[in-house]
Amino acid sequence: MKDFAGTPGTLTGLFLRMAQCFFAAGAIASMVTSKGFFNVTAFCYLIASMALQVIWSFGLAFFDAYFLAKKKSFHNHVLLSLFVVGDWCTGLLSLAAAASSAGVTVLYFHDLGSCSFGEECTKFQLSVAFAFLSWISILISSLIMFWIWAAG
């Protein structure tokens, strides 16, 4: 199995995992600092999904850092299968949460004319933007993991 950019145990793999973790944490922080998020189910789902993403990405970033420190490449097919399934599951959950939250945010801003929550609306938009940025890095990482798994 050839090591290329984004594979577990490489610097780009660690960067992708840390980007997922930071963007998901940013989405959580932005949403939690607003006061009325708990009244909307999609926003609560976004927080739950991003919390799962932070845990998953941080755990896999730890694996990447371990393999980088040991200067070993990661070629365990059983663990790779687990990582592929986990990446695709968390990726789908993150996309669903980001899309549903974006739909509610668009409803507040465009369909209803203006957002009646005031400053909180900007936090909602920022949280959705962070969630989509997290999903983009998840998408890249999960496609790489699927490619490695299919090639192995």
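**Note on a predicted helical model**

1. Phe146 and Trp149 both belong to helix H4, where three residues, about one turn of the helix, separate them. The model is a predicted one, and in it these two side chains make an aromatic pair of the tilted kind, with 5.7 Å from centre to centre and 35 degrees between the planes. Phe146 counts as partly exposed, because its relative accessibility is 38%, and Trp149 is likewise partly exposed, with a relative accessible area of 34%. As background, residues three or four places apart in an α-helix point the same way, because the helix has 3.6 residues a turn.

2. The structure holds eight aromatic pairs. Another of them joins Phe63 and Phe83, whose ring centres are 5.6 Å apart and whose planes meet at 55 degrees, so this pair is tilted. Because Phe63 lies in helix H2 and Phe83 in helix H3, the pair ties together parts of the chain that are 20 residues apart in sequence. Phe63 is partly exposed, at 33% relative accessible area, whereas Phe83 is buried, at 4%. Together with Trp56, Phe63 and Phe83 form one aromatic cluster.

3. Helix H1 covers residues 11–32, and its 22 residues reach 31 Å from the first C-alpha to the last, close to the 32 Å expected at 1.5 Å a residue. The buried residues of H1 include Leu14, Leu16, Arg17, Cys21 and Met31. Helix H2 has 30 residues, and the 44 Å between its end C-alpha atoms agrees with the 44 Å that it should span. Among the buried residues of H2 are Phe43, Leu46, Ile47, Met50 and Phe67, but also Ser49, Gln53, Ser57 and Asp64. After H2 comes Lys71, which has a positive phi, near 55 degrees.

4. Which residues touch the most other members of the largest nonpolar core? They are Met31 and Phe43, in a core of 16 residues. Helices H1, H2, H3 and H4 each supply at least two residues of this core, and H2 gives the largest share, with five residues. Apart from this core lies another, of ten residues, with Leu16, Leu80, Ile144 and Ile148 among them. When neighbours within four places in sequence are left aside, Phe43 is in contact with Met31, Phe37, Ser101, Val104, Thr105, Tyr108 and Phe124.

5. A search of the whole structure finds zero disulfides. For Cys21, the nearest cysteine sulfur is that of Cys89, 19 Å away, and Cys21 is in no disulfide. Cys21 is buried, because its relative accessible area is 7%, whereas Cys44 counts as partly exposed, at 31% relative accessibility.

Methods. Residues numbered from 1 in each chain as written. Predicted model: local features only at pLDDT ≥ 70, side-chain atom pairs only at ≥ 80, totals over all residues. Heavy atoms only, no water. Helix = DSSP H or I, 4+ residues; strand = E, 2+ residues; numbered from the N terminus. Expected span 1.5 Å × (residues − 1). Buried < 20%, exposed > 50% of the residue type's maximum accessible area, 1.4 Å probe, protein only. Disulfide = S-S within 2.5 Å. Core = buried A, V, L, I, M, F, W, Y, C linked by side-chain atoms within 4.5 Å. Contact = heavy atoms within 4.5 Å. Phe/Tyr/Trp six-rings, centres within 6.5 Å; stacked < 30°, edge-to-face > 60°.
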